[in-house]
Amino acid sequence: MSKITTTLASPDVWDDIQHALSGGGDGRSCQCVWPVLTNKEWDATDLDERTALFQSEVASERPPGLVAYIDGEAAGWMRIGPRPAQHRLARTRNIITTTLEPLGDDTVWAVTCFVVRKEYRGQGLNAALLEAGIEFARASGARMIEGYPIDTSVTDPRVNDLFHGALSTFLNAGFAEVASAKPGRPLVSLTLAA
């Protein structure tokens with residue numbers, strides 16, 4: 001049986017993050033900065049600028065996410081952090097109309113991206129990343145975590161759209177559905193014990 005481990009993003013694992021992002025899908029071209037940029041900012045950047053922005057985030061005081069490994073090989077990535085730092089969220093209608101929390105509350109964290117290399121899909125990496133992310137958020141003082149997954153039981157998304165995560169992954173980790181402004185796109189949340 002394969003061994004899954006996770007670690008927080010840092011400059012020491014930058015090459016591993018890049019390896020995880022480059023295994024299929026939009027991870028490499030996005031550099032996981034889609035959640036932190038507005039549409040206007042996104043349209044004004046190219047891959048080099050996105051990479052530099054992401055590298056700066058990874059080197060900052062608060063890691064923007066976690067890397068997952070299978071038997072020591074970088075295999076997946078998840079973005080998690082304070083919701084206000086992920087600027088796109090406060091401009092996303094589905095989130096604005098369904099969240100019960102103030103948009104500027106930095107004790108509310110958000111999970112906004114999963115990437116798993118093609119050869120490692122279906123092995124439980126998203127669940128392992130989410131579990132580690134919950135512990136990271138709790139240790140960092142978050143009071144709540146939101147997610148914006150896809151309910152794969154009612155919709156058949158393109159593989160690239162699964163970066164939001166599957167609803168079942170969040171529900172299995174203890175999240176509860178809050179509301180849904182669009183069919184198949186619920187907002188979920190998990191309150192963290194103090």
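Because the model is predicted, local features need pLDDT of at least 70 and side-chain atom pairs count only at pLDDT 80 or more, whereas totals for chains, interfaces and linings use all residues. Residues are numbered from 1 along each chain as its sequence is written, and side-chain values use heavy atoms, with hydrogens and water left out.

Six of the six residues of β2 are buried, where buried means under 20% relative accessible area, exposed over 50% and partly exposed in between, with a 1.4 Å probe and protein chains only. Gly 65, Val 67 and Tyr 69 point one way from the strand, while Leu 66, Ala 68 and Ile 70 point the other way. Two strands count as paired if DSSP finds at least two bridges between them. On that basis, β1 (residues 4-8) and β2 pair in the antiparallel sense over five bridges, with Thr 7 opposite Val 67. Strand β3 also pairs with β2 in the antiparallel sense, over six bridges, and Tyr 69 has Ala 74 as its bridge partner in β3. Two residues separate the strands of this β2 and β3 hairpin, in which Asp 71 takes a positive phi near 50 degrees.

Turning to β7, six of its seven residues are buried. Antiparallel pairing joins β7 to β5 (residues 144-147) through four bridges and to β6 (residues 176-182) through five bridges. Ile 145 is bridged to Leu 190 of β7, and Ala 179 to Leu 187 of β7. β6 and β7 form a hairpin with two residues between them, and Gly 184 in the turn has a positive phi of about 80 degrees.

In soluble globular proteins, nonpolar side chains tend to be buried together. Here a nonpolar core is a set of buried Ala, Val, Leu, Ile, Met, Phe, Trp, Tyr and Cys residues joined through side-chain atoms within 4.5 Å. The largest such core has 26 residues, of which Met 78, Ile 80, Val 111, Ile 145 and Phe 175 touch the most other members. Helix α6 supplies the largest share of this core, seven residues. A second, separate core of 20 residues includes Ile 17, Ala 20, Leu 21 and Val 67.

Two further residues are worth a look, with contact meaning heavy atoms within 4.5 Å. Arg 117, in the loop between β4 and α6, is buried, with a relative accessible area of 12%. Not counting residues up to four places away in sequence, Arg 117 touches His 19, Ala 20, Ser 22, Gly 23, Ala 74 and Ala 75. Asn 126 is found in helix α6 (residues 125-139); leaving aside neighbours within four places in sequence, Asn 126 is in contact with Phe 114, Val 116 and Thr 169.

Finally, the second largest pocket is lined by 15 residues, with Leu 89, Thr 92, Ile 95, His 164 and Arg 185 nearest its centre. On a 1 Å grid over the protein atoms alone, a pocket is an open set of points where a 1.4 Å probe fits, with protein on both sides within 12 Å along at least five of seven lines, and lining residues have an atom within 4 Å of a point. Helix α5 gives the most to this lining, with three residues.
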